[in-house]
Amino acid sequence: MPSYLERLDRLGRLVRSFKAHGQHEAFVDLLKGVTSVVREAEGAGAPELSQVIEKAGDILDDAVNWAYSDGDFDFLPSDAHLFDNPPGEGQAVEDMVAQVERMIFGRASNDTQLSKPWPQTPHSHPKTTRLSRFREGVAISATGATPTSQVIYQARCEVASDTVPCPIDAAIAADSSALAVIQQGGWKNRDPILTIYLLEEEDQNAGKSKEDKDAAKKHSYGGYRSMVVDPGLSEVAYHVAMDTPHRLALVADSHRIKSFSWGGDVAFGGWKPPHGKNVHTMKSAGYEGPIAVLPDGLIARAGKGSAAIWRIDGLETHKDKKRIGRGKFDAEDSWRDNDGEEIELSTGGAPVTTVTFAQSVIVPASWHLHEPTPIDLENGGKKVARFLGHGGNVNAFSTSPGDPNVFATACGDGFARLYDVRHPLPAVTIDSGRSSEFCLTVQLVHLDGVPTVFTGSDRFQNIKLWDIRARAMVYELATGNNSVRAISWDANHTTLYAATECDYMDRLGDTHGYPPAHIPGWAKQDPEEEMEQDNEGDYDSEDDYDSEDDDDDEHCWPENAHHDERYFGYAYDTGKHWATGIWQLRTMLTGQAQRYQYKQDPDPTVLPDFGRARMGDGYW
């Protein structure tokens, strides 16, 4: 009987010599063989398990690279699960992880119901938001014994949105006191923009005159205050992190990291910077990866094979507009318009130390602080764990205080996955993308102890809620025909935020592909008719458009939208980027920040306004 390592050597040779283009199933079978060896070795308690995991990981990495280059794959199927329909109805994810069982779900959605208009689909509560669409036949895990989870699983929420520049990413403070969204705006989206939402502060501009509101540095978003900051970087910022103890939002381009105060009550060398003030600048040339906020006031930024470390308490500040670092930053090659000296010219403080990873090939694309951490920065950058099963780049991580042993990932192969830190293979695989789109963002939460996953969709233009115990998607949330770039969960306010982008708006702010809408009376923001239930509890409405004669001269709908005007209870299109709370965050210009706020007794009429995109008209 060959050893585990010998079996992997054989499989590795087959994978690396595979040249049969188009025979995708045969190739995936080889990858399943690799993960099966790992599963067997772990189950047997093999003493060489760490070597088995390492060798298998190298084979799978080579396989992924080939699949998306010479292999002609658009999306690599899952190779690390055992079954599609696992036994044990109602079995908790904790039990499945303990038994090292592997499952996949999300593929068996009942597509026949997708063609039904929203009134003919299930509605779990009288105050369910009209921007949700439920799947039929799902016995959810939330009950009256878990009231918070029940509210969320019934989509009882109010939805608000805020127009923002084209969003890139978002980060929320550990105590949910602030949310930072990085965006690109200005001429041809060349300028970096930072918006900080103050989630603990109510709008104090209510009732003031327009002049007073315009003069304020903060503006209101869905009842919260926010501030928009030009970070003064020479490029668009692609990385953001929140330092909760110091009340700082950290943003970075390829040259520098800058910090901005959101609390106003933390002192740095005796200086308490006001809201939105640039506090620090850090020189990070050579370290262009993501930022991590570590314990003891440390900031890390990843580079190839190493990470740079700064200590917040030892950094100079911009008090009295002081420039930080030697000389001036060279902004000559910047694509930004700097006529108004928008680019701040500090070179920045140097790192106090660097950590060289034990493996020089490691180039972190995403940081997420979790214990135990897969890379030990305190002991020579050693890799202490490796997790297998991803068929593409990992786009996001999420953890939950409800179970410190479990984390979730969002992957470019279209799957979200749940891992137990004690096992190398995923415990749960969620087919969010259905071989049609990337999985860009994920949030793992435990609602009254009920494990729940939110995923954000790009092509499908929605947010999905997944019941892990029921092994099913419960509902979708509308994003106004916008693609989701980031989602953040606020446990203190039972609110989901989403940063979304309008794919039908170009970088000059013009919208395209918007013919007249066909909106039934029941799907308008203010419904023109009541939706009555028949004897079987189904909703019925005959007000369905079926002819171009019924074109709506006031509203338009993107011709390439993933769903039509009858899919949700409110036919909602943003026509721009936005941020929303409760369920989603829209961007501006081409995006929005949206908020889905869950409540025991929400007002379901609280909905964002229909967008202003028009046929043949550009809208800035």
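Predicted model: local features only at pLDDT ≥ 70, side-chain atom pairs only at ≥ 80, totals over all residues.
Biologist: Are helices α2 and α3 roughly parallel or antiparallel?

Modeller: Helix α2 covers residues 24-43 and helix α3 covers residues 49-67, and their axes come within 10 Å and cross at roughly 165°. Angles over 145 degrees count as roughly antiparallel. The arrangement of α2 relative to α3 is therefore roughly antiparallel.

Biologist: How many residues in the contact of α2 with α3 are nonpolar?

Modeller: On the α2 side, the residues include Phe 27, Leu 31, Val 34 and Val 38. On the α3 side, they include Leu 49, Ile 53, Leu 60 and Trp 66. Besides one polar and one charged residue, the number of nonpolar residues in this contact is 15.

Biologist: Is the crossing of α1 and α2 left-handed or right-handed?

Modeller: The axes of α1 and α2 are 10 Å apart, and the two helices pack at an angle of about 165°. That angle makes α1 roughly antiparallel to α2. The handedness of the crossing of α1 and α2 is left-handed.

Biologist: How many charged residues does the contact of α1 with α2 have?

Modeller: Among the residues that meet are Tyr 4, Arg 7 and Leu 11 in α1, and Phe 27, Leu 30 and Glu 40 in α2. By class, this contact has eleven nonpolar residues and one polar residue, and the number of charged residues is two.

Biologist: Are α1 and α3 roughly parallel or antiparallel to each other?

Modeller: The axes of α1 and α3 are 10 Å apart, with a packing angle of about 5°. Angles under 35 degrees count as roughly parallel. The relation between α1 and α3 is therefore roughly parallel.

Biologist: How many charged residues does the contact of α1 with α3 have?

Modeller: From α1, the contact includes Leu 5, Asp 9 and Arg 16, while α3 contributes residues including Lys 55, Asp 58 and Asp 62. Eight nonpolar and two polar residues belong to this contact, and the number of charged residues is five.

Biologist: Which residue meets Asp 9 in a salt bridge?

Modeller: Asp 9 lies in helix α1 (residues 4-16) and its partner in helix α3, so the pair ties together parts that are 46 residues apart in sequence. The side chains meet at 3.0 Å, N to O, and the partner of Asp 9 is Lys 55.

Biologist: How many residues apart in sequence are the parts that Asp 601 and Lys 127 tie together?

Modeller: These two residues form a salt bridge whose closest N and O atoms are 2.3 Å apart. Asp 601 lies in the segment after β34 (591-598), and Lys 127 in the loop between β1 (103-105) and β2 (132-134), so the pair ties together parts whose separation in residues is 474.

Biologist: Is Glu 501 buried or exposed?

Modeller: Glu 501 forms a salt bridge with Arg 485, with the closest N and O atoms 2.8 Å apart. The pair links strand β28 (residues 495-501), which holds Glu 501, to strand β27 (residues 483-490), which holds Arg 485. At 18% relative accessibility, Glu 501 counts as buried.

Biologist: Which Arg is linked with Glu 54, Asp 58 and Asp 61 in a network of salt bridges?

Modeller: The structure holds 23 salt bridges. In the network that links Glu 54, Asp 58 and Asp 61, the Arg is Arg 386.

How values were computed
Residues numbered from 1 in each chain as written. Heavy atoms only, no water. Axes fitted to C-alpha atoms, helices over the stretch in contact; angles between N-to-C directions. Helix = DSSP H or I, 4+ residues; strand = E, 2+ residues; numbered from the N terminus. Parallel < 35°, antiparallel > 145°, perpendicular 65-115°, else oblique. Contact = heavy atoms within 4.5 Å. Nonpolar A, V, L, I, M, F, W, Y, C, P; charged D, E, K, R; others polar. Salt bridge = Lys/Arg side-chain N within 4 Å of Asp/Glu carboxyl O. Buried < 20%, exposed > 50% of the residue type's maximum accessible area, 1.4 Å probe, protein only. Left-handed = near helix turned anticlockwise from the far one by under 90°.
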